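Open the model in your viewer and keep the selection tool at hand. The stops below can be taken in order.

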Amino acid sequence: MKKNIRWAVIFSAVVLVCLGVIFFGQLTADSKGAEIYLGGKLYKTVENIENTQPGEITVRTPEGFNRICWHNGSIWVEEADCASLTCKKYGKATLIGETIVCAPHGLVIKVVGKTDDEVDAMT
Amino acid sequence: MKKRLTVQKISLIGLLAALSLGIYALEAMIPVSNIAGIKLGLANVVTLTAMVLLGRAEAGFVLGIRILLATTFYGTFISFAFSLCGGALAYAVMCLTVNRLDKKQLWVISVLAALAHNAGQLCVAALVSGTSAMFTLTPYLVISAVGTGVLTGLTAQRLYFSPLRRFGGSHRE
């Protein structure tokens, strides 16, 4: 019984740390963007996915395509022609650090946090 | 403990592999949008139970047969790589920990195996896509591994302390 409690404490601590990391990550960012990687390289950066205006991009590779949409702070794969469709089944990625992987096409979509000074530096 | 594979063991391995494949298929049918690719991994209940009831090698057979069959029925080469890497790492962790912890701590083994499984899949994802971008998923995956690991582990533990145990024969009493 004692051992059970000890392990429960360890695992709870680990979960709490992870929750802390996630929440801290959300709090430190002023806005959300997304990075799209293709074949290991940064393919496109979406500056802001929090627009009320929906946006989309179609990424084409020799293996197939993924239609990626973003709106109101989420980004998701609307359509793809791979066999497993894991990327589509993932649903909407909303939290910073969330990543959608389409392994057959070598595509990775990652939600990133943007801070204001970073935006200033770019504009 | 005899190392020989008896007919009883072979049939049990087959039965458990079929059971685990069935559970896997049923779980795949649940139409929940799987956030961050998280799923319960109920089929692991069978692997874990096989390990404590029959032994390491037998559990390895059950897991291997399940991964192979699941891939031929539902998967692609890439999903095979994902399953194999995650499964192999989880299996290794289970093998290492199964004798060091009490049977009352099966759920701990399950959580550790789930963590290893997710780590393996993350590494495959990084290798396949050639970026380390998805490592930001780590905290989400750790939380999910602990959650699902506790659930599947407690299920396996409940199974172990049930009349089902006598099917395991005289293994490691």
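What follows is a walk from the contact between the chains to a helix, the cysteines and the cores.

This is a predicted model, in which local features need pLDDT of at least 70 and side-chain atom pairs count only at pLDDT 80 or more, while totals for chains, interfaces and linings use all residues. Residues are numbered from 1 along each chain as its sequence is written, chains are lettered from A and ligands numbered from 1 in the order in which they are written, and side-chain values use heavy atoms, with hydrogens and water left out.

**Between the chains**

Select chain A and chain B together. Each gives 30 residues to the contact (heavy atoms within 4.5 Å). About 2400 Å² is buried between them, 74% of it on carbon and sulfur atoms; buried area is the accessible area (1.4 Å probe) that two parts lose on being put together, summed over both. Next pick B:W107, B:Y140 and B:I143, which supply 21% of the area that chain B buries against chain A, more than any other three residues.

Which residue forms a salt bridge with A:K3? Select B:D102: the closest N and O atoms of this pair are 3.8 Å apart. The count between the two chains is 1 salt bridge (a side-chain nitrogen of Lys or Arg within 4 Å of a carboxyl oxygen of Asp or Glu). Helix 5 of chain B gives 7 residues, the largest share of the side of chain B that touches chain A. Helices here are DSSP runs of H or I, at least four residues, numbered from the N terminus.

**Helix 4 of chain B**

Move to B:T97, in helix 4 (residues 77-97) of chain B. Its relative accessibility is 15%, so B:T97 counts as buried (under 20%; exposed is over 50%, partly exposed in between, with a 1.4 Å probe and protein chains only). The side chain of B:T97 reaches the backbone oxygen of B:V93 at 2.7 Å. Not counting residues up to four places away in sequence, B:T97 touches B:I109 and B:L112.

**Cysteines**

Over all chains there are 0 disulfides (pairs of cysteine sulfur atoms within 2.5 Å). For B:C85, the nearest cysteine sulfur is that of B:C123, 7.3 Å away. B:C85 is partly exposed, at 34%, whereas B:C95 is buried, at 16%.

**The cores**

Finish with A:I36, A:I68, A:I75, A:L107 and A:I109, which touch the most other members of the largest nonpolar core, one of 38 residues. Such a core is a set of buried Ala, Val, Leu, Ile, Met, Phe, Trp, Tyr and Cys residues joined through side-chain atoms within 4.5 Å. Apart from it lies another core, of 31 residues, including A:W7 and B:V46.

How values were computed
Helix = DSSP H or I, 4+ residues; strand = E, 2+ residues; numbered from the N terminus. Polar contact = N/O pair within 3.5 Å; in protein donor to acceptor, adjacent residues only side chain to side chain.
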